[in-house]
Amino acid sequence: MRASLEVADIFRAAGGSFRAAHAGHLSLDHLKVMSAIENCRTAALGGHVEGCEDCGHVRIAYNSCRNRHCPKCQGTAAREWLAAREADLLPVGYFHVVFTLPAQVSDIAWQNKALVYDLLFRAASETMMTIAADPRHLGARIGITAVLHTWGSAMTHHPHVHMIVPGGGISHDGARWIASRPAFLLPVGVLGKLFRRLFLTRLIELHHSGRLAFFGGQAGLSDRQAFLRHLAPVRKMRWVVYAKPPFAGPKAVLAYLSRYTHRVAISNRRLLSIDEAGVSFRYKDYRRIGPERQQVMTLEPHEFIRRFLLHVLPRGFHRIRHYGLLASSTRKASIDRARELLAAPPPLEPSDPEEPSDSRPPCPCCGGRMIIIETLGRWMQPRAPPQKTASTGNTLP
């Protein structure tokens with residue numbers, strides 16, 4: 001069911017004036033994302049006309065933009081990704097670990113997305129793998145699925161990595177499975193210190209090699225001494241690494257992943273209204289406790305669009321990555337070995353259906369099967385309302 005208000009509606013209403021007001025300051029990626037969301041599931045992208053084989057009900061289905069930043073296009077992508085990952089689940093508890101960048105570093109990340117986001121992934125994964133391999137902690141090789149989020153609940157820039165980690169790993173000699181404690185994976189204090197050291201050391205190396213760019217109010221950070229002074233406070237502060245208790249079984253892991261892997265800056269269901277006051281939406285104020293945590297924020301439409309575009313990722317950037325036992329090059333062999341050590345049965349092979357499944361929703365009138373009766377090119381409308389045959393009532397194009 002279509003939400004009463006969508007991000008696309010806001011872009012269509014205010015996108016033109018936003019482009020004019022920020023002419024020369026929007027990247028090609030930003031413009032492409034705006035255009036894709038505005039045109040998603042409209043005549044601009046073409047589509048087809050469907051008719052019910054039983055009652056003759058007709059509906060028009062326009063094509064989706066399939067842009068990874070579009071709130072309407074992520075459901076199918078998430079389902080397909082989860083189906084591919086289901087075979088990787090092990091019969092153990094899974095932990096949720098979050099690595100977050102402090103505000104002083106987030107500002108640098110916003111102007112150097114590809115480099116700093118990649119560094120966030122590398123530093124966080126290496127931290128987890130290093131501490132897990134230490135015999136004083138777990139002494140095993142673990143698996144990690146990591147997902148980058150760049151937003152807070154109010155769409156501010158807040159880069160952090162969510163990790164789903166099995167509660168244990170394979171010993172260094174490959175001979176046994178080493179399980180973590182039931183409600184404890186790795187010490188977050190130790191993780192935070194190593195994460196801070198790895199990240200800052202490599203960030204400074206990027207600066208010294210001249211690979212970081214600074215502009216606007218941060219242009220002064222191009223100077224080496226100014227950059228080091230900017231980072232001085234974060235060298236002493238505690239970097240937050242958050243670990244949640246384990247999930248209640250593999251099904252809970254899949255349910256969680258379906259909400260997190262393909263999420264965008266804001267979902268359509270959080271939008272409340274757009275009027276002369278601005279765009280109103282629900283958000284969580286994490287400084288509050290209980291029911292008061294749920295708040296409503298209203299932003300001027302241009303500010304809403306600006307915040308949304310903060311989270312457009314560089315082209316080709318992978319925001320879902322796998323490490324250790326789940327690394328793509330060795331995933332199958334590692335998972336098979338882990339199942340063997342856990343004495344777990346292999347996952348059931350999906351049976352091949354005799355006929356390809358019909359992904360089109362059934363007829364809303366009678367539940368019958370919908371078939372395509374006309375294909376529409378870009379910007380095309382149906383030629384005429386489909387007719388029914390007098391003898392059978394079936395729809396003809």
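In what order do the three strands of the open sheet run? The order is E2-E1-E14, with antiparallel pairing. A word on the basis: this is a predicted model, where local features need pLDDT of at least 70, side-chain atom pairs count only at pLDDT 80 or more, and totals for chains, interfaces and linings use all residues. Residues are numbered from 1 along each chain as its sequence is written, and side-chain values use heavy atoms, without hydrogens and water.

Back to the sheet. Strands (E, at least two residues) and helices (H or I, at least four) are DSSP runs, numbered from the N terminus. Two strands pair if DSSP finds at least two bridges between them. The edge strands, E2 (58-62) and E14 (370-376), each pair on one side only. E1, residues 47-52, joins E14 over six antiparallel bridges. Within that pairing, Val 49 has Glu 374 of E14 as its bridge partner.

Next, helix H2. After H2 comes Arg 41, with a positive phi near 55 degrees.
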